[in-house]
Amino acid sequence: MDTVDVAIVGAEGLVGQELLKILEERRFPASSVHLYDTDRRPGVEYFFSHQKLEVEEATPDIFRNVDVAFFCDGLDSSRRLVPAAVQSGAVVIDDSGDMVTDGTVPLVVPEVNADDIAQHKGILCNPGSSTIQLMVALFPLHSANRIRRIVVSTYQPVSCSGTAAALKELTAQAKRVLEGRRVCPHMYSHQIAFNVLPEIDVFLDNGYTKEEWRIVEETRRILRDDAIGVAPTCVRVPVYFGQSQSVNVEFESAITPEEARKILAQAPGVRILDDPTVSFYPQPWSASGLNQVFVGRIRRDASRSNSLSMWIVCDNLRKGAGLNAVQIVEEGLRRDWIKSRKRRA
């Protein structure tokens, strides 16, 4: 496997910091790692493999010697810098969601559609965290019994906003509420402490939010099936880490909870936690720091034939962002679909 020179654009954000941690934990074959941020704070440093790395300003000329560039710095940064990275010869893993509708850019969850990595022309897309955990859990079932319809409600923590400011806002608001003081929201439309907000990203003309419609488009693209019905509702909850999903799935033919458990028990990246007799089911706090997608409360839908309901949880910063991006590159390197500049020369 090649060793590659790596850049993380957005290194000061929550996803960027998680990426750095995951690269070290997995002993990723990096010959060098460079940290960048468009809104960097002077003097900020992080450690990687016992080395001190300073965060530098992200500009179009930083990619000359970069083999793989992870972009987790937001939409504006990606639109401005991704073309420069690709032109310089770097392979981009983009986490901004800017290219969800671009059919020429592979949208990859390695457990589901790793073969799509081979089609890249310099850019590979990380799906949204909601889609990633949904696909890891549902693709094995879809492969055994085609899915016709998905109704999903996501319960997304403040860390899904991608910045430490969101964590601080929840903490500060909770403190003010408990002290009986007034809360003035900054990051969200309303108070998030002791509250839930059915609004993530902007509202579209069709009544869905942009985050909700992203799940629709990404699910259909990854499963290669535009006929699948997807009805999402995305909710921000006063949790720091770990995204939960209430999912109802209608299949083409009958399937029992026992059959679903048997399929998921053998699925890569999935772990079943499902024993309601002892209140054993996935929870966001216990998924924090772990790589798997956890599935529980698998049961028949009493109101609809061929349907199951279930509860899906994962760490949104790990498998829902950083780990998925790293796995894309690892798989590309392993299959020789991503190469270092030296190999390409």
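Guide: Let's start with Gln243, which lies in strand β10, a stretch covering residues 243-251. Keep in mind that this is a predicted model.

Visitor: What makes Gln243 buried or exposed?

Guide: Buried means under 20% relative accessible area. Gln243 has a relative accessible area of 0%, so it is buried.

Visitor: Which side chain does the side chain of Gln243 make a polar contact with, and how do you know that it counts?

Guide: Its partner is the side chain of Ser130, at 2.7 Å. The cut-off for such a pair of N or O atoms is within 3.5 Å, so 2.7 Å passes.

Visitor: What else is Gln243 in contact with, leaving aside its neighbours within four places in sequence?

Guide: Quite a list! Among them are Ser129, Gln133, Tyr155, Pro157, Cys160, Ile312 and Asn316. To be on that list, a residue needs heavy atoms within 4.5 Å.

Visitor: Moving on, why is Arg297 called partly exposed?

Guide: Buried stops under 20% and exposed starts over 50%, with partly exposed in between. Arg297 comes out at 42%, so partly exposed is the label. You'll find Arg297 in strand β12, residues 293-300.

Visitor: What is there to say about phi of Arg297?

Guide: It is near 50 degrees, a positive value in a residue other than glycine.

Visitor: Let's step back. How many helices and strands does the protein chain have?

Guide: Ten helices and 13 strands.

Visitor: Why is the protein chain called as compact as a globular protein of that length?

Guide: Its radius of gyration is 20 Å, and the globule rule gives 20 Å for 345 residues; the two values are close, so the description holds. Along its principal axes, the C-alpha trace spans about 60 × 55 × 40 Å.

Visitor: What share of the 345 residues is buried?

Guide: Buried residues make up 53% of them. And of the contacts with a separation of 6 or more, 68% come from residues 24 or more positions apart.

Technical notes. Residues numbered from 1 in each chain as written. Predicted model: local features only at pLDDT ≥ 70, side-chain atom pairs only at ≥ 80, totals over all residues. Heavy atoms only, no water. Helix = DSSP H or I, 4+ residues; strand = E, 2+ residues; numbered from the N terminus. Rg over C-alpha atoms; globule rule 2.2 N^0.38 Å. Buried < 20%, exposed > 50% of the residue type's maximum accessible area, 1.4 Å probe, protein only. Polar contact = N/O pair within 3.5 Å; in protein donor to acceptor, adjacent residues only side chain to side chain.
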